[in-house]
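Hi there,

Here is the structure I promised to pass on.

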Amino acid sequence: MKKIKLVIRDLHHAERRLARQLWRLADRHQADHEIYHVARDLARWSQRHVGELARVGSRHGVRLAADVDGEAGLPAGASRRRAPWMVGRRSAPAMLLLADLRRLYRDASTVSLDWELLAQAAQAARQPDLLALATSCHPDTLRQVRWANAKLKELASQALVGR
């Protein structure tokens with residue numbers, strides 16, 4: 001059971017990181033309305049996962065924060081900050097967005113793998129609450145991965161070849 005606690009802790013850490021990354025993505029790319037709104041929605045999914053992991057983790061002896069960055073809402077100052085590149089050449093924001101989406105894709109893929117590990121461990125250890133959690137949250141993470149991948153495909157040629 002001790003090893004399952006480690007999986008829960010690692011997954012919780014990865015989901016918190018993913019939520020913070022999605023909030024930053026929305027904040028840094030406010031000018032792109034799709035990125036801004038979708039990233040905020042996806043961040044809320046990860047925030048919900050963090051809360052659920054904390055709730056279920058406590059039943060398994062794992063104490064975890066139930067929110068991201070000590071708040072249930074936006075990270076402090078997220079809507080007030082402006083990225084320095086928001087004014088200036090157009091190619092710099094496109095390259096920054098591409099880099100941010102690459103990072104997001106990698107991190108969301110890691111979270112997806114962690115959900116798989118938790119599901120497998122829960123099944124082997126006969127822990128129905130952990131299996132139910134993985135079953136309900138993992139599809140959200142898969143959608144996060146697919147969205148980042150689709151945006152990368154959409155923006156890559158424009159950012160890398162366009163002017």
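Let me start with Val161, which lies in helix α4 (residues 128-161); helices here are DSSP runs of H or I with at least four residues, strands are runs of E with at least two, and both are numbered from the N terminus. Please keep in mind that this is a predicted model, where local features need pLDDT of at least 70, side-chain atom pairs count only at pLDDT 80 or more, and totals for chains, interfaces and linings use all residues. Residues are numbered from 1 along each chain as its sequence is written, and side-chain values use heavy atoms, with hydrogens and water left out.

Val161 is exposed, at 68% relative accessible area (exposed means over 50%, buried under 20%, partly exposed in between, with a 1.4 Å probe and protein chains only). Together with Met95 and Leu160, Val161 makes a nonpolar surface patch of about 320 Å². Patches take residues with over 30% relative accessible area and no salt bridge, joining like charges within 9 Å and nonpolar side chains (Val, Leu, Ile, Met, Phe, Trp, Tyr) within 5 Å; the areas come from the Shrake-Rupley method with a 1.4 Å probe, and for residues only the protein chains shown count as cover.

Next, the salt bridges: the structure holds ten, each being a side-chain nitrogen of Lys or Arg within 4 Å of a carboxyl oxygen of Asp or Glu. Asp140 is buried at 6% relative accessibility, while Arg48 is partly exposed at 40% and so is Arg143 at 37%.

Another bridge joins Arg28 and Asp100 at 3.5 Å, N to O. That pair links helix α1 (residues 2-28) with helix α3 (residues 91-124), the partners being 72 residues apart. Arg28, Asp100 and Arg103 are linked in a network of salt bridges.

Finally, what does His49 touch, not counting residues up to four places away in sequence? The contacts (heavy atoms within 4.5 Å) are Glu15, Trp115, Cys137, Asp140 and Thr141. His49 itself is in α2 (residues 33-59) and is buried, at 0% relative accessibility.

Best wishes
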